[in-house]
Structure formats: C-alpha cells, structure tokens
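Student: I would like to learn how to read the features of a model like this one. Could you take me through a few of them slowly?

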Amino acid sequence: MTRFAKNILLLIIIVILLGIGLYHFIKTQKIEDNSNIVSDSKSLIGCYVNHTGKDIYTLMISSEDNGTLKGILSYNNFEKDSSSGTFSGTFSDGLLIGNYSFDSEGMHSDRQVIFKKDGDKLIQGFGDVKMENGKELFKDINNVTYDPKSTFTKSENCVDNFKDSNDVFSFDHNSFFYVVEGDSTPTTDWRISNTDKGTLLAQMFVPKVYIPKTNFSGVKLTVGRSSDEKVIRSCDDTTGIINQENKDSITEKVKLGGYDFVKFTTSDAGAGNYYDTTGYRGIVDGDCYAIEYTIHSTNIGNYSPEQGIKEFDKSVIKNDLEKVIKSFKFLINSN
C-alpha cells in the first residue's frame with residue numbers, strides 16, 4: 001500500500017471516529033436536555049393557593065408522568081357558584097398549559113387553562129375563548145393576559161386554617177377542602193342520629209374529585225353544639241348510634257383540643273352506597289360538642305371494567321381527616 005493510500009485510510013478512520021464521537025455527544029446532550037425538562041416539570045409538583053377575599057382557589061399538582069402533570073383544581077367561591085375537577089397539562093417555556101375537567105351546578109365541562117410560572121408562584125392567564133368539540137379553548141395562547149390578582153402561591157403541605165367568626169374554635173385543613181360556617185338557626189342536623197336541636201357551627205366538604213377515577217363519593221364533616229341540659233347530660237352516650245352487630249363499630253376515650261371526648265365509629269349501607277362515620281363528642285365550656293365526618297363511597301361492583309373505576313384507599317382520606325381532627329383548638333376557657 002502506497003503512502004498516499006495509507007494517508008487516505010487514516011483520514012477515513014479519523015472521520016469515522018469523529019462522527020461516532022459527535023453522535024454520542026449529541027445524544028448525550030439530548031438526554032440531558034430531556035432530563036432538564038422532566039426535572040422542571042417535577043419541580044412544579046405541590047400545592048398552590050390563591051386567597052381572594054373569602055374565595056379560595058387551589059391547584060394541587062400531585063404527579064408527573066412522561067412530562068404530563070396531573071392533579072386537581074378547585075375554585076371555592078364564597079356565596080357564588082364553585083367548581084372542582086381534575087387538571088392535566090404540560091410545562092414548557094415557563095408556561096403551564098392544561099385541561100380543567102370539572103363539574104359545577106350539575107354540569108360537566110372541559111376548559112383550557114394557562115399559568116405563567118413566577119418563582120414559586122403560578123399566575124393564571126385569561127383571554128378570548130372559543131368552543132371546539134365541546135371544549136373551551138383560548139383563541140390565541142400568545143394573546144393572554146396574566147392577572148396578578150389570580151396568583152397561586154406554593155403552599156407547604158397545602159394547609160389552610162379555619163376559625164369561626166365568634167372565635168370559639170379553629171382547625172387546619174387541606175386547602176382543597178371547602179369549609180362553610182353555620183348559622184344560629186336551631187337544627188337537628190348538628191349531629192347524626194339525633195332528635196334534639198342544636199347549632200350547626202361549621203361544615204367541611206371533600207369533593208368526589210379529590211380521589212378521582214375511584215368509587216369515592218365525598219366527605220361531609222360537621223361541627224355542632226348544644227346548650228340543652230338534657231343533651232349535655234348524655235353528651236357522650238353513643239347508645240343507638242353504634243351498631244352492636246358491626247364489628248367495625250368501636251368507642252374509645254380521647255383528648256381533643258385538650259378536652260375529654262368520646263370517639264366512635266360506625267358504618268351503614270344501602271342501595272349500593274356505603275357510609276363510614278367517625279364522631280367525637282364531649283363537653284367544652286359547659287356545652288355539648290359533636291365533631292363528626294362521614295365518608296361516602298359506592299359499591300365497586302356497580303361499575304363496568306370499561307369505566308376504569310378503581311377501589312379507593314380509605315386509609316388515605318381517613319388520614320387527611322384525622323389530621324383535621326387533631327388540629328382542633330378551642331379558643332374559649334372552660335368553666
């Protein structure tokens with residue numbers, strides 16, 4: 001082989017090696033770039049809350065799967081129509097764009113939503129919309145106005161605090177849960193299995209969408225009080241509430257907000273629905289208090305495999321509700 005041929009062969013080998021090296025370099029850069037994209041998406045996981053007067057708006061991003069962020073979005077308006085539903089979207093170039101699938105006033109809707117990332121905040125954008133295949137979409141993503149009043153701030157553990165207007169009690173709760181204060185109208189609804197009237201002080205609701213695509217149907221928690229002497233004398237008497245044939249029914253003595261309470265659990269079923277109730281009853285400042293929540297679910301056998309409905313994990317929602325119970329504080333001094 002001539003020297004010229006050897007030089008040509010050597011040059012070819014060098015070009016091939018450089019090509020292989022360049023290929024691996026580009027491939028590595030793409031992997032790193034994709035990795036950064038996924039990392040940026042995952043950094044959004046968490047809870048974001050917007051307080052506007054008495055209105056509470058919550059975006060809870062719970063997971064990321066191949067660049068798709070999923071969670072729940074809630075607009076809890078004070079004395080106005082509210083809505084809650086699932087969120088699914090992607091994050092790119094500082095914008096979180098997704099679909100809000102929700103129920104409001106018995107109607108189901110799909111709406112495109114957009115947020116601009118600003119540090120640990122997400123600012124919601126608004127603009128002209130159009131209907132396409134039954135879904136509300138922005139006419140032009142590039143012509144959206146981001147309203148500072150609609151700023152969602154990242155909240156550690158997604159915790160909010162409720163305190164009644166009379167400064168009698170307070171408790172912490174997930175920002176996604178909806179709490180309304182009661183009124184002074186006498187009612188038998190201040191506690192379950194009851195014929196005596198009292199005052200319903202507050203109600204907390206956990207919507208079905210909190211655990212989507214399952215047989216979970218929601219939660220209602222109530223805080224009630226009675227000053228009736230007969231009720232006070234039998235405040236911790238759970239006779240008639242506990243189903244003695246139900247092995248899951250129990251009673252035990254506990255401390256709640258520093259006061260002695262009796263805790264009970266019971267369950268009921270009917271027409272394919274299940275109701276699991278946990279209650280706390282005790283004397284505070286001379287009055288009888290009842291703090292009770294009921295988890296409503298449906299028979300998983302009511303759904304066909306095509307619906308994709310799964311059995312919900314009851315321990316998850318019970319854990320969230322017991323955190324609410326443990327956070328109770330009574331802001332009054334006992335007699």
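**Backbone angles and cores**

Tutor: Asp167 counts as partly exposed, at 39% relative accessibility, where buried means under 20% relative accessible area, exposed over 50% and partly exposed in between (1.4 Å probe, protein chains only). This is a predicted model, in which local features need pLDDT of at least 70, side-chain atom pairs count only at pLDDT 80 or more, and totals for chains, interfaces and linings use all residues. Residues are numbered from 1 along each chain as its sequence is written, and side-chain values use heavy atoms, with hydrogens and water left out.

Student: What is the phi of Asp167, and where does that residue lie?

Tutor: Most residues other than glycine have a negative phi. Asp167, however, has a positive phi near 55°, and this residue sits in the loop between strand E11 (159-163) and E12; strands (E, at least two residues) and helices (H or I, at least four) are DSSP runs numbered from the N terminus.

Student: Is Ala271 buried or exposed?

Tutor: Ala271 is exposed, with a relative accessible area of 81%; its phi is also positive, at about 55°, and its place is in the loop between E18 and E19.

Student: How many residues does the largest nonpolar core have?

Tutor: A nonpolar core is a set of buried Ala, Val, Leu, Ile, Met, Phe, Trp, Tyr and Cys residues joined through side-chain atoms within 4.5 Å. The largest one here has 39 residues, and those with the most contacts inside it include Phe169, Val206 and Phe330. Strand E12 (169-174) and helix H3 (314-326) are among the elements that each supply at least two residues of this core. Apart from it lies another core of 17 residues, among them Tyr75 and Leu122.
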